[in-house]
Amino acid sequence: TPGWSLSLAETLRQAEALREEVQVTLARAASASSQATALLRRSWPRLSLTAVGGIGREARSDADSSTRPARLDGAVGVGFEWLIFDGGLLAAEANVSRAEAERLEAEAERQRLAVGSEVMRAHARYESSRLAIETGQARVESSRAALRALEARYELGYTDTTSVLQGLQLAVGAARDHIESIRNHNTAVASLYRHSAAWPEQILPLIRSRKADPSNGP
């Protein structure tokens, strides 16, 4: 019978990392948060620093211009630009995007909790089915041994046909219950793969070969 090698904590971490709906919602939340930040920055006042400078010479009529002392002329200015109306609109849009990001983050958390609940139920069913298989196997072996003992006693004349038939019914019932426990176990393992978004190891080579060969189609 197939098994599941991960603990409950490991299965939960894998499900949160691989479940598509959680990852899509988180990506949308990150996008909305980035948009809010960009809009908020655009709404801020803009400062600018300008500088103008030049070199001149003092005017003297009685001297050669090359001997005139140099004079530095310059000015520094600070510019301030803030379009109150447009900035307010951008800030409002930023608040809307921020609210959407928070809503999506809350939705992702809700999805994580739902995924966790699914995984825990599936893991509990798996553990229960695993124990049921062990118990069922023990019952099958015990009922078979009891049936063999009854058959031996019947051959020696120490018991009747009714007792043998009852022993046979018990053995058949134990085998039927064991088969059912195996079916439940396989269903529980499949549920763990589904809820954790993992692929069975036997399937991975097929997936890799399909991705490597474009002729296989999408």
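Student: Contact means heavy atoms within 4.5 Å; with that cut-off, what does Ala122 touch, not counting residues up to four places away in sequence?

Tutor: Ala122 touches Ala188, Ser191, Leu192 and His195 on that count. A caution on the source: this is a predicted model, where local features need pLDDT of at least 70 and side-chain atom pairs count only at pLDDT 80 or more, while totals for chains, interfaces and linings use all residues. Residues are numbered from 1 along each chain as its sequence is written, and side-chain values use heavy atoms, with hydrogens and water left out.

Student: Fine. Where is Ala122 placed, and is it buried or exposed?

Tutor: Ala122 sits in helix 3; helices (H or I, at least four residues) and strands (E, at least two) are DSSP runs numbered from the N terminus. Ala122 is buried, its relative accessible area being 0%. Buried means under 20% relative accessible area, exposed over 50%, and partly exposed in between, with a 1.4 Å probe and protein chains only.

Student: How far apart are Ala122 and Tyr193?

Tutor: They are 71 residues apart in sequence, and their C-alpha atoms are 9.4 Å apart in space.

Student: Which residues make up the largest nonpolar core?

Tutor: A nonpolar core is a set of buried Ala, Val, Leu, Ile, Met, Phe, Trp, Tyr and Cys residues joined through side-chain atoms within 4.5 Å. The largest has 7 residues: Trp4, Ala122, Tyr126, Ala188, Val189, Leu192 and Ala198. Two or more of these come from each of helix 3 (84-156) and helix 4. Helix 4 gives the largest share, 3 residues. As background, nonpolar side chains tend to be buried together in soluble globular proteins.

Student: And Tyr126, what is it in contact with, leaving aside neighbours within four places in sequence?

Tutor: Gly3, Trp4, His185, Ala188, Val189 and Leu192 are in contact with Tyr126.

Student: At what angle do helix 1 and helix 4 pack?

Tutor: The angle is about 45°, with the axes 8 Å apart. Axes are lines fitted to C-alpha atoms, for helices over the stretch in contact, and angles run from 0 to 180 degrees between N-to-C directions. Helix 1 and helix 4 are therefore oblique to each other: angles under 35 degrees count as roughly parallel, over 145 as roughly antiparallel, 65 to 115 as roughly perpendicular, and the rest as oblique.

Student: Which residues meet there, from helix 1 and helix 4?

Tutor: Thr11, Gln14, Ala15 and Leu18 in helix 1 meet Leu192, His195 and Ser196 in helix 4. By class, that contact has 3 nonpolar, 4 polar and no charged residues. Ala, Val, Leu, Ile, Met, Phe, Trp, Tyr, Cys and Pro count as nonpolar, Asp, Glu, Lys and Arg as charged, and the others, Gly among them, as polar.

Student: Take Thr11. Is it buried or exposed, and what does it touch outside four places in sequence?

Tutor: Thr11, in helix 1 (residues 8-18), is buried, with a relative accessible area of 0%. Thr11 touches Trp4, Leu6, Val119, His123, Leu192 and Ser196, not counting residues up to four places away in sequence.

Student: Changing topic: is His178 buried or exposed?

Tutor: His178 is buried at 11% relative accessible area, and its place is in helix 4. Not counting residues up to four places away in sequence, His178 touches Ile133, Gly136, Gln137 and Val140. Between His178 and Ile133 the separation is 45 residues in sequence and 6.3 Å in space, C-alpha to C-alpha.

Student: Last one: how many helices and strands does the protein chain have?

Tutor: The chain has 5 helices and 2 strands, running α-α-β-β-α-α-α from the N terminus on. Of its 218 residues, 22% count as buried. Among contacts between residues at least 6 apart in sequence, 73% join residues at least 24 apart.

Technical notes: Contact = heavy atoms within 4.5 Å.
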